[in-house]
Amino acid sequence: MSICIVDYGSQVTQLIARRLREGHFFAEVIPYQNVNAELLKARKPTGIILSGSHASVHDSDAPKLDPAILEYNVPIFGICYGQQLLCHHLGGKVDNAGKREFGHTEVTLQGNFGESWQEGTQHRVWMSHSDKVTKLPEDFMVLGYSSHAPFALIRHQSKPIFGVQFHPEVSHSEKGSELLWHFAANICGLTPNWFMADYKSTMIAEIRQKVGAKNVVCGLSGGVDSAVTAVLIHAAIGDQLQCIMVDHGLLRSNEAEQISTLFRQHYNIPLKVCDESELFLSALEGVSDPEQKRKTIGKLFIDVFEREAQALPQVDFLAQGTLYPDVIESVAGHSVTIKSHHNVGGLPEKMSLKLLEPLRMLFKDEVRVLGAELGLPQEFLGRHPFPGPGLAIRIPGSVNRTKANLLRQADVIYLDELRKAGLYDDIWQAFTVLLPVKTVGVMGDARTYDYVCALRAVGSSDGMTAEAYEFDTKFLKSVATRIINEVKGINRVVYDVTSKPPGTIEWE
């Protein structure tokens with residue numbers, strides 16, 4: 001018993017599945033190109049959700065609604081583009097809004113849709129659209145409206161077909177999860193009985209079936225994602241797994257030593273640490289474009305893995321800790337590519353190892369829950385996310401060892417102050433960025449001309465959207481004072497208050 005989410009290319013499609021999983025409803029995301037009568041008959045979904053998209057229903061190459069979706073005769077819920085597509089297909093009218101509506105707005109209910117969405121109530125929701133429905137199809141009625149979207153929440157008068165112009169799946173939408181849960185439980189009749197323990201059991205079985213008697217090499221970056229990937233695969237196939245950690249000179253302070261201790265002493269998982277810092281830093285010399293940096297690092301990772309694999313018994317699979325935000329920001333087609341990731345965008349077209357990515361449908365905090373199911377210590381699982389390309393993407397412009405060392409020193413101070421203030425666990429991700437800018441300063445009556453360091457801290461639940469953390473100014477001043485006094489080479493500190501969107505969490 002599940003819900004099929006038809007993906008039309010929205011950057012936040014997987015958040016729909018994520019919100020449903022939070023309510024313990026199983027949901028599966030399927031690209032719209034794959035949806036047809038045969039697939040629906042095989043999957044037997046209890047309900048169908050149509051996702052958003054950056055496209056317009058009037059575009060010649062716009063994703064289409066397969067008639068099989070309506071003919072399958074289960075409840076349907078269209079979100080943003082999904083609502084427009086339903087209305088367009090059923091005889092309504094969709095026009096360009098004239099001005100893109102992006103951000104918060106108030107939706108007023110004039111009908112009921114579950115306990116949390118009652119007639120007369122108002123909810124603050126997140127809009128992101130250029131088109132909007134201007135005429136409803138026959139037999140549809142309005143349940144909610146906003147100042148710019150007269151058909152913000154609609155339903156068919158007799159059939160279980162619903163649509164919203166806003167995005168209930170993003171954290172910015174008030175009680176958006178409750179809206180989706182109402183659809184799943186009360187419209188589709190699903191029982192909330194899916195838990196992370198089920199995912200663990202399913203993935204262990206799938207890994208065993210896929211790998212068989214073959215061997216797997218797993219690249220450890222030092223972060224939670226790759227560590228959980230390795231422990232999960234080890235639980236499935238034991239000593240058929242060999243882990244390799246590549247120290248590319250861009251890791252956090254003492255990263256290699258900490259990972260070695262965790263895996264060798266606590267899990268008895270085979271691990272080889274390769275110091276390849278000279279190789280990576282030499283390859284990055286003079287490279288300033290962020291995409292080129294990511295792809296350079298990604299290619300070298302694969303080169304190192306393949307080289308090391310030659311010294312092992314026959315290896316057929318390369319395991320990576322790819323998460324869904326990595327995939328959705330890197331995918332081409334009807335999703336807009338925001339940035340490539342070394343573990344999804346930098347792979348050569350031909351390589352001798354098959355990919356094994358057991359976490360690619362999960363979000364960061366879900367990975368932490370899975371890690372706890374697997375027995376990883378909480379102090380490790382609670383660490384903030386760290387990118388695969390490491391400090392290279394926290395040093396805009398060219399990268400070298402001196403800059404990396406400066407950034408590491410500043411980062412240690414920043415995180416130390418967060419822990420002392422009891423703020424570390426309240427923040428989704430915090431880190432420093434070394435800017436390619438030098439400014440004049442005065443220290444000890446002498447003139448300095450040194451780098452600028454930026455502090456970044458965001459709150460988020462999934463990494464898809466984020467807000468800058470609101471520090472007390474006194475705290476920021478104390479961090480800045482320590483960095484400037486203790487890190488020779490930095491004489492100015494700034495704080496980044498940009499949210500995601502429009503920015504990204506990492507600077508590159």
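Buried means under 20% relative accessible area, exposed over 50% and partly exposed in between, with a 1.4 Å probe and protein chains only. By that rule the buried residues of helix α12 (residues 364-373) are K364, E366, V367, R368, L370 and G371. The model is predicted, local features need pLDDT of at least 70, side-chain atom pairs count only at pLDDT 80 or more, and totals for chains, interfaces and linings use all residues. Residues are numbered from 1 along each chain as its sequence is written, and side-chain values use heavy atoms, with hydrogens and water left out. Helices (H or I, at least four residues) and strands (E, at least two) are DSSP runs numbered from the N terminus.

**Helix α12**

- The cover over the buried residues of α12 includes α1 (13-22), α6, α7 and α13 (378-381), where contact means heavy atoms within 4.5 Å.

**Helices α6 and α7**

- Helix α6 (residues 196-211) packs against helix α7 (residues 224-237) at an angle of about 65°, and their axes are 9 Å apart. Axes are lines fitted to C-alpha atoms, for helices over the stretch in contact, and angles run from 0 to 180 degrees between N-to-C directions.
- On the α6 side, K200, M203, I204, I207, R208 and V211 make the contact; on the α7 side, L232, I233, A235, A236 and I237 do.
- The residues of this contact comprise nine nonpolar, no polar and two charged. Ala, Val, Leu, Ile, Met, Phe, Trp, Tyr, Cys and Pro count as nonpolar, Asp, Glu, Lys and Arg as charged, and the others, Gly among them, as polar.

**The five-stranded sheet**

- Five strands form an open sheet in the order β12-β11-β10-β13-β14, with parallel pairing; two strands pair if DSSP finds at least two bridges between them.
- β12 (271-275) and β14 (354-356) are the edge strands, each with a single partner strand, so one side of each has no neighbour in the sheet.
- Direction ignored, neighbouring strands of the sheet are turned by 30° against each other on average.
- Strand β11 (residues 241-247) runs parallel to β12 and is joined to β12 by five bridges. C243 stands opposite L271 in β12.
- α7 packs on the sheet and touches β10 (215-220), β11, β13 (315-319) and β14; the direction of α7 makes about 160° with that of β10.
- Helix α8 (residues 255-267) lies across β10, β11 and β12, at about 170° to β12.

**H89**

- H89 belongs to helix α4 (residues 81-89) and is partly exposed, with a relative accessible area of 39%.
- Not counting residues up to four places away in sequence, H89 touches L65 and L70.
- H89 and L65 are 24 residues apart along the chain, and their C-alpha atoms are separated by 7.4 Å.
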